[in-house]
Amino acid sequence: MNNDTLEKLRKLKFYGMFHAFKTSLEGGKTNDYTADELLGYLVDAEWDDRNNRRVERQIYQARFRYKAVVENIHYHADRSLDRNQVMRLADCSFITRNENLLITGSTGIGKSYVATAIGHQACIQGYRVLYASTPKLFARLKMAKADGSYIKEIARIERQHLLVLDDFGIQPFDAQSRAALMEIIEDRHGKASLIITSQLPVSKWHEVIGEKTIADAILDRIVHDAHRIELRGESMRRKKKIEPENSYQ
């Protein structure tokens with residue numbers, strides 16, 4: 001009878017229940033539970049299993065370049081990184097409010113790590129997240145224009161609760177990339193959130209975007225009421241001879 005039950009749980013794809021019930025049978029623990037307790041134990045196991053698989057799927061689909069978690073962020077005094085601010089951002093209520101986060105600072109100081117850690121936390125809390133290197137994203141969108149998949153790509157970006165644009169402003173936007181950026185920002189304004197990391201201070205973004213009227217419109221939507229983290233200190237690549245930026249947490 002128990003084997004039949006296990007087989008049915010497996011076929012129904014109740015993998016959490018399956019493994020929990022199988023483990024209990026093998027350990028002879030089923031008699032330790034009342035019927036209500038056993039049912040509660042199995043339901044909890046199924047709930048946890050589905051939630052864990054959902055989080056893993058969200059993290060995979062986010063396409064993070066780095067592995068980063070909020071708990072491993074370092075708060076050295078010379079970084080000007082406020083633990084309380086990071087913890088408030090990590091509760092992801094800014095995503096619920098459709099607000100943005102701008103993280104600036106010199107290369108190698110850990111901007112990408114902080115952004116990814118908050119993005120990872122958002123996945124855990126059930127938000128759809130997409131991480132993208134800004135130059136690579138807009139190169140991909142140019143290719144999408146050429147092969148006819150542009151609308152599909154833009155729609156995929158629009159569906160995300162949180163879009164992480166890393167390395168914003170490394171190279172100036174040309175007309176096509178500027179138009180795509182405007183479309184993305186317009187689609188998300190007041191509806192979804194952005195995290196943007198940049199080596200450039202926000203005051204220099206206007207110049208990088210170019211085309212004054214469009215730059216004004218984009219920055220008005222990005223910067224207004226955005227949360228800001230301005231990391232300071234020496235690049236850890238030089239200080240500790242660490243290669244990737246995300247190595248500095």
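This is a predicted model: local features need pLDDT of at least 70, side-chain atom pairs count only at pLDDT 80 or more; totals for chains, interfaces and linings use all residues.
Residues count from 1 along each chain as its sequence is written, and side-chain values use heavy atoms, with hydrogens and water left out. Local features need pLDDT of at least 70 and side-chain atom pairs 80 or more, while totals for chains, interfaces and linings use all residues.

Me: How many Å separate the centres of domain 1 and domain 2?
Reply: The bounds come from an automatic or database domain assignment, which gives domain 1 as 1-61 and domain 2 as 70-237. Taken over C-alpha atoms, their centres are separated by 39 Å.

Me: What area is buried between domain 1 and domain 2?
Reply: Five residues of domain 1 are in contact (heavy atoms within 4.5 Å) with nine of domain 2. Buried area is the accessible area (1.4 Å probe) that two parts lose on being put together, summed over both. Carbon and sulfur atoms give 54% of it here, and the total is about 480 Å².

Me: How many salt bridges are there between domain 1 and domain 2?
Reply: A salt bridge takes a side-chain nitrogen of Lys or Arg within 4 Å of a carboxyl oxygen of Asp or Glu. A search of the whole structure turns up 13. Between domain 1 and domain 2, though, the count is zero.

Me: Which residue does Arg10 meet in a salt bridge?
Reply: Look in helix H1, residues 2-11 (a DSSP run of H or I, at least four residues). With N to O at 2.4 Å, the partner is Glu7.

Key:
Helices (H or I, at least four residues) and strands (E, at least two) are DSSP runs, numbered from the N terminus.
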